[in-house]
Amino acid sequence: PMGEAPAPELDAVLGGGGWNVGANFEGPPPPTGPIRLGRNACYVVLAVLFNEEDGVLLVQEAKPECRGKWYLPAGRMEPGESIVAAMRREVKEESGLECEPLTLLALEERGPAWIRFAFLARPTGGTLKTLEEADAESLQATWWAGDPSALPLRAPDILPLLDLASRYRRSPPHPPTLPQELPCALLCLRLLVAFANDAGDLWVLLGTAGTPHLPVVACGTSPAELRGGLRLPVLQLLRDCLPPDPRLGPLGLLGLQHRAGGPGGADGICFNVLLSIPPGSPGAALPEPRSPAFRWWPVEEQSLRGRILQRLRAAATVPVRS
């Protein structure tokens, strides 16, 4: 049975690695043009850093609209820049510190129009920016050991991320997850769609065109698709291939693939995501695909089966927040 399924692809994706996207996509036809930052996509990076005394790195904003307010180091990614390089640059510009990423904490998104990569990172050098060094990037930086909500914050949206970072440091819910250097012209999702029954049997949905593979669906760039979020193309695909209105669990990020200056200067990303289709009722049968372009593959190899089930049951993925 393993010869009929993409065992190396599954192994790479489950391990947080990458896999070549290729040129064929399931679902609606993909956009004809590539994803380009500043044109049809906006990527933002944000970093949470702690020092040895558990103080969190905060920067004081210099922008006129939020001058004097406090926030985590964050900013827009530039064309031709890798995601990690953008995070390091923003931390350096705003705080004066060098850092290295430990893991993605969360992926926050509003479709291709706005995606934010929140990292947990650790300081590796540099010195904190002081008021004497204030510039257009920030006024100063500090290690804050108190309650961040006691400060005048630029926005309270960083508080859930700080909580997520603190919990990750105590007990990591998912393995370290960092971007992989692989090119991608479009914004797309590789889907590891799993169905497990009460008896503990497990199936994974495969695309059947060519060599059996995990389905890949591209995000559109029309105004409605830009607003629809990453979940929209997943829903569209599964509504087409499975019985009406399949119940879906939450999207969880296993990994992502991006290479700065990809094909034709593209800034596309492939998100490798895990989601489950919970049985509608106890003893419910496997939902039969309505299209021959898909089939369920029974996962019988114990190690692979155990890895998928562990990821599903423990929600051991980077959360995707829409």
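**Questions on a predicted model**

Visitor: Over the face of which residue does Arg169 lie?
Guide: The model is predicted. For a charge to sit over a ring, CZ of Arg must be within 6 Å of the ring centre and within 35 degrees of the ring normal. Arg169 is placed at 4.1 Å from the ring centre, over the face of Phe50.

Visitor: At what distance from the ring centre of Tyr71 does Arg154 lie?
Guide: Here too the contact is between an arginine and an aromatic ring, with Arg154 over the face of Tyr71. The distance of Arg154 from the ring centre is 4.2 Å.

Visitor: What are the bounds of the domains?
Guide: The domain assignment divides the protein into domain 1 and domain 2. Domain 1 is made of two segments, 7-35 and 184-319, and domain 2 is 42-170.

Visitor: How many residues of domain 2 are in contact with domain 1?
Guide: Taken over C-alpha atoms, the centres of domain 1 and domain 2 are 30 Å apart. Across the contact between them, domain 1 contributes 21 residues and domain 2 contributes 19.

Visitor: Which residues have the most contacts inside the largest nonpolar core?
Guide: This core has 52 residues. At least three of its residues come from each of domain 1 and domain 2. Apart from it lies another core of 21 residues, including Trp70 and Leu162. In the largest core, the residues with the most contacts are Tyr43, Phe117, Leu189 and Phe271.

Visitor: Why is strand β12 described as largely enclosed by the rest of the structure?
Guide: Buried means under 20% relative accessible area. Strand β12 has eight residues, and it is largely enclosed because the number of them that are buried is seven.

Visitor: How is the ring pair of Phe195 and Trp203 classed: stacked, edge-to-face or tilted?
Guide: The rule for aromatic pairs gives a count of three. The ring centres of Phe195 and Trp203 are 6.1 Å apart, with the planes at 55 degrees. Planes under 30 degrees apart count as stacked and over 60 as edge-to-face, so this pair is tilted.

Visitor: Is Thr317 buried or exposed?
Guide: Thr317 is in the loop between α6 (302-313) and β14 (318-321). Its contacts, not counting residues up to four places away in sequence, include His174, Leu254 and Arg311. The relative accessible area of Thr317 is 12%, so Thr317 is buried.

Visitor: What separation do the C-alpha atoms of Gly228 and Cys184 have?
Guide: Gly228 belongs to helix α4 (residues 223-228) and, at 35% relative accessibility, is partly exposed. Gly228 and Cys184 are 44 residues apart along the chain, and the separation of their C-alpha atoms is 21 Å.

Methods. Residues are numbered from 1 along each chain as its sequence is written. This is a predicted model: local features need pLDDT of at least 70, side-chain atom pairs count only at pLDDT 80 or more; totals for chains, interfaces and linings use all residues. Side-chain values use heavy atoms; hydrogens and water are left out. Buried means under 20% relative accessible area, exposed over 50%, partly exposed in between (1.4 Å probe, protein chains only). Helices (H or I, at least four residues) and strands (E, at least two) are DSSP runs, numbered from the N terminus. Rings of Phe, Tyr and Trp (its six-membered ring) pair if their centres lie within 6.5 Å; planes under 30 degrees apart count as stacked, over 60 as edge-to-face and the rest as tilted. A nonpolar core is a set of buried Ala, Val, Leu, Ile, Met, Phe, Trp, Tyr and Cys residues joined through side-chain atoms within 4.5 Å. Domain bounds come from an automatic or database domain assignment. Contact means heavy atoms within 4.5 Å.
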